[in-house]
Amino acid sequence: MIDLKRDKEGYLVNLSDWSPEVATQLAADDDVILTDEHWEILNLLREFYQKFEHAPSQRPFVKFIASQLGKEKGNSIYLMTLFPGSPAKLAARIAGLPRPTNCF
Amino acid sequence: MATLHTVNKTGQPLELCLRALNAGDNVLLLEEGVYALYEASDVLSDLLKHVAVYVLEADVLARGMTNRDNLDIGMVDYQGFVELTEANDKVVSWF
Amino acid sequence: MSQTLCIISTQAPYRGQFAKEALDAALVSATYDIPTSLLLMGDGVYQILDGQSPEQLGRKNLSSMFQSLELYGIETVYVDGESLEERNLDPEQLLPLYTLLEGDAVASFLAQHDKVLSF
């Protein structure tokens, strides 16, 4: 186990602490076992953050996925299957990003 | 659909407000916006042909301003500010 | 019919948090399906100047956030043409994601919206 500083909601305090191993550990805390399908989305989410300087709420992220991977994956149901509950928040947490600003 | 525009500084806030006015709107000068009474007296007298202009009493008195140029403006206290807010459909603040 | 919101952003991009907060407000409002317009006036037009690199300030790149507006359903950003002229800005210097409002258009544009927030 890697010792990580996390905030009250489980987001990394230092974004630079993130690594794929850290992601696996963060995912396990939420009972998610990361597959290639998860990684495809997590990588896109990190790309979104790089490009747009914030972690997105669900809808813009779904739109972004659709533009990159097509509609089969760019939809809420697909995202919910991989990251149950609140996909935008859960995926951001695992991807080592801050809490989505526009998600309540 | 009248709008109350509050302006709390001369310069950019006042200029942008002038650009955004529609006939029938109300303008309220407050804080450093009350200096428009001297600085922008010409602009205000022009403006008064189309919209009503008010100043906030507390801010005028605090700064030693007067209606030196006899502009046809209204002076309101905080109660009057609230009434202006209620009388308009929306409020836009320029700062 | 849901109420329409216009967010006016009048401050230069790295002056305090005004510009960032205006963008955040626009993103939140659009996320909640409120028809939202973002209007840049005065020094606010500097927010879409191309080539911003605020890394040394340790600030978020606002122009990157502007590029994401489309994903939130905000297809364009409205810009006061007079403010561009006053600042000697050419259209080619700006991010190509805006619509110009010329002359009286700003006043009638605001009148079309139910609510206005300014930053």
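In this predicted model, 17 residues of chain C are in contact with 15 residues of chain A, where contact means heavy atoms within 4.5 Å. Together chain C and chain A bury about 1,400 Å², and 53% of that lies on carbon and sulfur atoms. Buried area here is the accessible area, taken with a 1.4 Å probe, that two parts lose on being put together, summed over both. Three residues, Lys60(C), Leu71(C) and Tyr72(C), supply 41% of the area that chain C buries against chain A, more than any other three residues.

Residues are numbered from 1 along each chain as its sequence is written, while chains are lettered from A and ligands numbered from 1 in the order in which they are written. Local features need pLDDT of at least 70, side-chain atom pairs count only at pLDDT 80 or more, and totals for chains, interfaces and linings use all residues; side-chain values use heavy atoms, with hydrogens and water left out.

Charged side chains come next. Side chains of opposite charge can pair when their charged atoms come close. A salt bridge is counted when a side-chain nitrogen of Lys or Arg is within 4 Å of a carboxyl oxygen of Asp or Glu. By this rule there are 15 salt bridges over all chains. Between chain C and chain A the count is 1 salt bridge. The side chains of Asp33(C) and Arg59(A) meet in a salt bridge, at 3.1 Å from N to O.

The interface of chain C and chain A also has 8 residue pairs in polar contact, both residues being at pLDDT 80 or more. A polar contact is a pair of N or O atoms within 3.5 Å; within protein, one must be able to donate a hydrogen and the other to accept it, and residues adjacent in sequence count only if both atoms are side-chain atoms. Which elements give two or more residues to the side of chain C that touches chain A? They are H1 and helix H2 (62–67) of chain C. Helices (H or I, at least four residues) and strands (E, at least two) are DSSP runs, numbered from the N terminus. H1(C) gives the most to this side, with 5 residues. By class, the side of chain C that touches chain A has 7 nonpolar, 6 polar and 4 charged residues. In this scheme Ala, Val, Leu, Ile, Met, Phe, Trp, Tyr, Cys and Pro count as nonpolar, Asp, Glu, Lys and Arg as charged, and the others, Gly among them, as polar.

Chain C also meets chain B: 14 residues of chain B are in contact with 23 residues of chain C. The area buried between chain B and chain C is about 1,400 Å², of which carbon and sulfur atoms give 52%. On the side of chain B, Arg19(B), Lys90(B) and Phe95(B) lose the most area to chain C, together 44% of what that side buries. Across this interface there are 3 salt bridges. The side chains of Glu82(C) and Arg19(B) meet in a salt bridge, at 3.7 Å from N to O. Between chain B and chain C, 11 residue pairs are in polar contact, with both residues at pLDDT 80 or more. H1 and S5 of chain B each supply at least two residues of the side that touches chain C, and the largest share, 5 residues, comes from S5(B).

Now turn to the inside of chain C. An open sheet of 5 strands has the order S4-S3-S2-S1-S5 in chain C, with parallel pairing; two strands pair if DSSP finds at least two bridges between them. Strand S4 (98–101) and strand S5 (115–118) of chain C stand at the edges with a single partner strand each, so one side of each is left without a neighbour in the sheet. Strand S1 (residues 5–9) and strand S2 (residues 36–40) of chain C run parallel and are joined by 5 bridges. Ser9(C) has Leu40(C) as its bridge partner in S2(C). Helix H1 (residues 18–31) of chain C lies across S1 and S2 of chain C and runs at about 165° to S1(C). Axes are lines fitted to C-alpha atoms, for helices over the stretch in contact, and angles run from 0 to 180 degrees between N-to-C directions.
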